[in-house]
Amino acid sequence: MSINSDPLPTRTKALYGFGSVAYGIKDNGFATFLLFYYNQVIGMRADLVSLAIALALIIDAFIDPIIGQMTDRTRTKIGRRHPWLYISAIPICITWLLLWHPPEASEMVQFFYLLALAILVRLSLSLNEVPALALLPELSTDYHDRTSITRYRYLFGWASGLLLMFFAYSYLLVPSDEYKDGLLNADGYSTYAIIVAFVMAFAVLVAARGTHKRIVTAYHAAGKLPESSESLKEIFGTFRFRPFMLLMFAGLFAYTNQGIIFALSPYLLTHVWLFGQTELAIYSATLFIAAILAFVIVNGISQRFGKSRTACYMVLASIVLGTGPYWLYLAGLFPAVGSPILLPIFLTFIILGTACGICTLILTMSMMADVTDAYEHQYGKRSEGVFASGVWLMQKSVGALGLLMAGLIVAIVQLPEKASPGSVEPEIVTNMVWIYASLAVIIGSIGAWAYTLFPISEQDHSDMVSNKKRAEA
């Protein structure tokens, strides 16, 4: 591919970022509602729900690299990635609808239904997200511009997930004559699924169209298309590229905290802080501030300290701020439940901690594009799709790992099914907080250290791009 050295227009960045609405909504739905829905509404055991999602991930692990390699090898009039971006809209819409409408059957039938649909939803999103992530190195070669591009994806991804979460808490998962507890309102989840399915399909089509001209023009202008990994042996050899392995090692731990907190948030918010519908709606709405804050600050901090050091600092800050309210709760130093100052203080901690966490995710994806250049520099092959599949797999892995760990935590503390806020034994709530906060600190600390091992600096990347330009001249 010829190098896209011109700065990427802001409009194209925004349209490219808009495609992450599908992933953002899916990720938020899986992390925030799926475990709670199948456990507390459908009535499946929490450990069975977590097991189904974990098994789906294991199967998915063998699919994503193949999709990545296939997109690298695709040759059509509209390029390598765009056929996949357009086609994926239909299965994304259909599988998401089916996931949230399980049959009335035995627990084991529902288990296998959840397993099958979790696999199909992940596969459908992979058909879109893998080629979409693979576009990043092709959209720009600038070290910091890649971070700027990536922040649009996370802004739209988080904003869409939070907006739908706010909408669900405010208008769908509300008390009715049949459901006194709004979070147990099965009809609300059905409406949520229908709305989300069509929003996701629309988003991926808009993003595909928005990047079409720049990518396809460069594709046709290329005198010779780059070599890519051809066999399964080459694919997994690509995954063993040291900078990529170090990046995935760091991301695995850093992203897992996000998975745990999102999966446990309905339990923590309702049983620790006793938040009702109003507080839950405010919580989801104000988290949008975190996404905006991350969007504003990440480029400046990264330019000063570099991507890897900034990622390390952001993980440490997110640990302190994200778990702070829970450690203070355990120490008896946080405002008492029901206090008028509890919610604003709690939200301040969570907004700042979440913003730091989002900065880490943005930087991880930006570093993935640098890994692609380093691999081409060393081996003469471009495998954006394979690397993108690895990052995408890692993101899904930690999401599923977070769900699995959250489900195990709920099972270990023996939280009763369909428990209303305030009805759970204090010892159960305290144990849940202890386990969550301890895991978050341990896992996050390892991730922060791991980011310091990433070997590609801004100067390294600049040298690689300069060498490529000279070779193409």
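Visitor: How many salt bridges does a search of the whole structure find?

Guide: In this predicted model, the search returns 11 salt bridges. One of them pairs Arg-80 with Glu-138, with the closest N and O atoms 2.7 Å apart. Arg-80 sits in the loop between α4 and α5 and Glu-138 in helix α8, so the pair ties together parts 58 residues apart in sequence.

Visitor: Which other residue forms a salt bridge with Glu-138?

Guide: Arg-81 does, at 3.2 Å between the closest N and O atoms. This pair also links distant parts of the chain, 57 residues apart. Buried means under 20% relative accessible area, so Glu-138 at 7% counts as buried, and so does Arg-81 at 1%.

Visitor: What is the reach of helix α7 from its first C-alpha to its last?

Guide: An α-helix has 3.6 residues a turn. Helix α7, residues 107-134, reaches 39 Å, close to the expected 40 Å. It bends by about 35° at Ser-126, and 21 of its 28 residues are buried.

Visitor: Which helix gives the most to the lining of the second largest pocket?

Guide: Rolling a probe the size of a water molecule over the atoms shows where empty space is left. Here the second largest pocket holds about 190 Å³. Helix α10 gives the most to its lining, with three residues. The lining divides into seven nonpolar, three polar and two charged residues, among them Trp-100, His-101 and Asp-187.

Definitions and conventions. Residues numbered from 1 in each chain as written. Predicted model: local features only at pLDDT ≥ 70, side-chain atom pairs only at ≥ 80, totals over all residues. Heavy atoms only, no water. 1 Å grid on protein atoms, 1.4 Å probe; cavity = no way out; pocket = protein on both sides within 12 Å on 5 of 7 lines; lining within 4 Å. Points joined across faces, edges and corners; volume = space filled by probe spheres on them. Helix = DSSP H or I, 4+ residues; strand = E, 2+ residues; numbered from the N terminus. Nonpolar A, V, L, I, M, F, W, Y, C, P; charged D, E, K, R; others polar. Expected span 1.5 Å × (residues − 1). Bend = angle between axes of the 7 residues up to and from the residue. Buried < 20%, exposed > 50% of the residue type's maximum accessible area, 1.4 Å probe, protein only. Salt bridge = Lys/Arg side-chain N within 4 Å of Asp/Glu carboxyl O.
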